[in-house]
Amino acid sequence: MAAGGTDMGPEGPGAGGQSGGLRTALAGLTTRGRSFLAAGVAAAVCSYVLGQADLLRVGLLLAALPLVCVAVVYRTRYRVAGSRRLAPARVPAGSEARVHLRMDNVSRLPTGLLMLQDRVPYVLGPRPRFVLDRVEPGGRREVSYRVRSDLRGRYPLGPLQLRLSDPFGMCELTRAFSAYDTLTVVPRVEPLPPVRLTGEAAGYGDGRHRSLALAGEDDVIPRGYRTGDDLRRVHWRSTARYGELMVRREEQPQRAHCTVLLDTRRTAHYGSGPDSAFEWAVSGAASAAVHLLERGYAVRLLTDTGSSVPGPDGGGGFTGSTHDSAETAGLMLDTLAVVDHSDGGGLSPAYEVLRGGGEGLLVAFLGDLDEEQAAMAARMRHRTTAAVAFVLDGAAWSRGAESGSTQELEDRLRRLREAGWTALPVGPGASLAQLWRQADAQGATRADAGSRAVGGMTGSWT
């Protein structure tokens, strides 16, 4: 929430004293005020040329009226405070947010007629304007407006502006608050079915299994006492053996690791706008990351450039505990809100990151792949426990209609599948939830085939 105060007199912040305030007030003459002043000067000159005294009086009246209005506005002194509140501050693309504005008159004088307007980017809609009637001393006024964007991004709101005018509309002064707010429009998140992706390593599953570090009371692996440890966990036998206070280890949660890979190469995606292939991939990456976080996975978001979120750390960029899943989801969505095309030509930076720590599940959203990049993606599979790839059909997206996959795309998919990927083509308007189920079914089929092959080999040796 942004808040601030402003002095509605002409000598606002940064003004240069009385003369500067007067110049500011004169500069606030409206078109009507300037017209009256010009007409008055013209009438006075004509009265001198023509010798008409009555015309001089008319000219003086026309010129004096805007100057009197300037003086009245210049002498106006009261203070107002304003605040802005977003509800909510983070919205999915295509959803609305409401902006609440509040104005408080903190001076001892009532205000005149005020026009309140807020600056918003063009993509959020027209600039909102409100006319506020007289605000009594200590009074407040609250107004609100809605904003909506189909495009991801971070959009600044503000500064809030107040315009003071005289009753005749001859002079207007504008004062702006200094505070800004930011509306974050994140990708749309599609709910995904809670399927178990085949190929997860034992001990991962839904990420909630726990294993004891202890096989029994006699096989305890203790650690040194730390300040704050519960004294009921002291292991006295180990304490006597090592000569220092030792405590039993707690059960340690084992979390499944997952990397969501987003291909942002400019050359890999066609079109632009909210219905483009790239926006589908961004929304898919957001949906997968949020879904897996909700299932208890430790998730890392990785792009083709090698940058990762939440970022490289001791855990390889993965989240550390189940308590920060909501915070991590927000961080990833904020990152995806501003992600853009990269100028990179390949997936090698992402491959290098996976080489350093690519255990667990890999879910990739890939654009068009040439033979070299398909080979690079195939090598990524060997660094993971299981891998699922959603490969966008560039030819279909460029035509804007669902169509059969091209032979080139089929070749790329076959190469990925031969390397162990669960690879699916993605056309325009595809539902990620349906593709998610297909990926589970395809992975189960491959696992069954592998089990039968292993069983046949075992039978031949017995």
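Visitor: What makes the crossing of α8 and α10 right-handed?
Guide: A crossing counts as right-handed if the near helix is turned clockwise from the far one by less than a right angle, and as left-handed if anticlockwise; α8 passes α10 in the right-handed way. Bear in mind that this is a predicted model, where local features need pLDDT of at least 70 and side-chain atom pairs 80 or more, while totals for chains, interfaces and linings use all residues. Numbering runs from 1 along each chain as its sequence is written, and side-chain values use heavy atoms, leaving out hydrogens and water.

Visitor: Why are α8 and α10 called roughly parallel?
Guide: Helix α8 (residues 371-380) and helix α10 (residues 407-418) pack at about 20°, with axes 9 Å apart. Angles under 35 degrees count as roughly parallel, so this pair gets the label.

Visitor: Which residues make that contact?
Guide: With contact meaning heavy atoms within 4.5 Å, α8 brings Glu-371, Ala-374, Ala-375, Ala-377 and Ala-378, and α10 brings Arg-412, Arg-415 and Leu-416. They split into five nonpolar, no polar and three charged.

Visitor: How do you know whether α2 and α3 are roughly parallel or antiparallel?
Guide: Helix α2 (residues 31-50) and helix α3 (residues 53-75) pack at about 155°, axes 7 Å apart. Over 145 degrees is roughly antiparallel, so α2 is roughly antiparallel to α3. Their crossing is left-handed.

Visitor: What kinds of residue make up the contact of α2 with α3?
Guide: Among them are Phe-36 and Cys-46 of α2 and Leu-62 and Pro-66 of α3. The tally is 13 nonpolar, four polar and no charged, with Gly counting as polar.

Terms used. Axes are lines fitted to C-alpha atoms, for helices over the stretch in contact, and angles run from 0 to 180 degrees between N-to-C directions. Helices (H or I, at least four residues) and strands (E, at least two) are DSSP runs, numbered from the N terminus. Angles under 35 degrees count as roughly parallel, over 145 as roughly antiparallel, 65 to 115 as roughly perpendicular and the rest as oblique.
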